[in-house]
Amino acid sequence: VVIAMAEDLYGKRKLNYLIWILSVGFMITIFISFFAGRLYATQALRPISDMVSQVDRISFENLKQRLDEGNRTDEIARLAITFNRMLDRLVSALEMQKSFVSNASHELRTPLTSITGQIEVALMKPRPAEEYHAVLNSVLEDTRNLNALSNGLLDMAKVSSDSSNIIMQPVRIDEILWEAY
């Protein structure tokens, strides 16, 4: 029985050299892939970063400012267009709210001014009981009108916040026109 064994030193050196080359190549590839991926991701996400900075600059004082819509064809441009439309609706709602507050304050001021004037005139000099009674009836009517106006404003506030609790019913237009007349 003959046992022979040989050690391939040249082959082991080549194998170790190949392992070293593959390891270094792997590290360089990972390094290049990492930085190329970061560069590509930064370039790809730049429009979104720009959009975020534009949105951060929009405040209550400059709601008229809009986002740049770019080429108007890709998804980011469509997002900017949608956001600009939302801003348009928001500005419109705020303008309606300002108009409503202005009109409501005017409507509330009118009966309050009438009540104040009647009371001031009644207190200017002593009067017979009948005149005081007439003034109190007039003030009571103005107070009822003010109460009805306040209830109407509260109902409108309820409608704007939650329209699910509103009970709809048919209304006769001729009666409304007669009341308005």
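**Entry 1**

I began with Lys64, which is exposed, since its relative accessible area is 59% and exposed means over 50%. A word to anyone joining me here: this is a predicted model, and I read every value below with that in mind.

I then asked which residue forms a salt bridge with Lys64. The partner is Glu95, and the closest N and O atoms are 3.4 Å apart. Lys64 sits in the loop between α1 and α2 while Glu95 belongs to helix α2, so this pair ties together parts that are 31 residues apart in sequence. Glu95 counts as partly exposed, at 46% relative accessibility.

I noted a general point beside this: side chains of opposite charge can pair when their charged atoms come close.

**Entry 2: Other salt bridges**

How many salt bridges does the structure hold? I found five, and I looked up some of the others.

Arg66 and Asp88 make one of them, with 2.6 Å between the closest N and O atoms. I saw that this pair links distant parts of the chain, 22 residues apart: Arg66 is in the loop between α1 and α2, and Asp88 is in helix α2. Both residues came out as partly exposed: Arg66 has a relative accessible area of 27%, and Asp88 is at 42%.

Another bridge joins the side chains of Glu7 and Lys12, at 3.5 Å from N to O. Glu7 is exposed, with a relative accessible area of 54%. Lys12 counts as partly exposed, at 46% relative accessibility.

**Entry 3: The nonpolar core**

Next I looked for the largest nonpolar core. I listed seven residues in it: Met51, Ile58, Leu63, Leu67, Ala80, Leu87 and Val91. Helix α2, which covers residues 75–123, gives the largest share of this core, with three residues.

Which residues is Val91 in contact with, leaving aside its neighbours within four places in sequence? I wrote down Leu63, Lys64 and Arg66. Leu63 is itself a member of the core, and Lys64 is the residue I began with, the salt-bridge partner of Glu95.

**Entry 4: Gln54**

I moved to helix α1, which runs over residues 9–57 and includes Gln54. Is Gln54 buried or exposed? I found it buried, because its relative accessible area is 16% and buried means under 20%. Not counting residues up to four places away in sequence, Gln54 touches Gln65, Leu67 and Asp68. Of these, I had already met Leu67 as one of the core residues.

**Entry 5: A nonpolar patch on the surface**

I found a patch formed by Tyr17, Trp20, Ile21, Val24, Ile28, Phe31, Ile32, Phe34 and Phe35. Together these residues have about 960 Å² of accessible area.

Trp20, one of the patch residues, is found in helix α1. I recorded Trp20 as exposed, with a relative accessible area of 56%.

**Entry 6: Aromatic rings**

I searched the whole structure for aromatic pairs and got four. In one of them, Phe31 and Phe35 have ring centres 4.6 Å apart and planes at 70°, so I put the pair down as edge-to-face. Both residues lie in helix α1, four residues apart, which is about one turn of the helix.

Phe35 is in another pair as well, with Phe34: the distance is 5.0 Å centre to centre, the planes are 80° apart, and the pair is edge-to-face.

**Entry 7: Gln118**

My last stop was Gln118, placed in helix α2. Leaving aside neighbours within four places in sequence, Gln118 is in contact with Val135, Ser138, Val139 and Asp142. I also checked Gln118 against Leu153, 35 residues apart along the chain, and their C-alpha atoms are separated by 25 Å.

Notes
Residues numbered from 1 in each chain as written. Heavy atoms only, no water. Helix = DSSP H or I, 4+ residues; strand = E, 2+ residues; numbered from the N terminus. Buried < 20%, exposed > 50% of the residue type's maximum accessible area, 1.4 Å probe, protein only. Contact = heavy atoms within 4.5 Å. Patch = residues over 30% accessible without salt bridge, like charges linked within 9 Å, V, L, I, M, F, W, Y side chains within 5 Å. Areas by Shrake-Rupley, 256 points an atom, 1.4 Å probe, with all protein chains shown as cover. Salt bridge = Lys/Arg side-chain N within 4 Å of Asp/Glu carboxyl O. Phe/Tyr/Trp six-rings, centres within 6.5 Å; stacked < 30°, edge-to-face > 60°. Core = buried A, V, L, I, M, F, W, Y, C linked by side-chain atoms within 4.5 Å.
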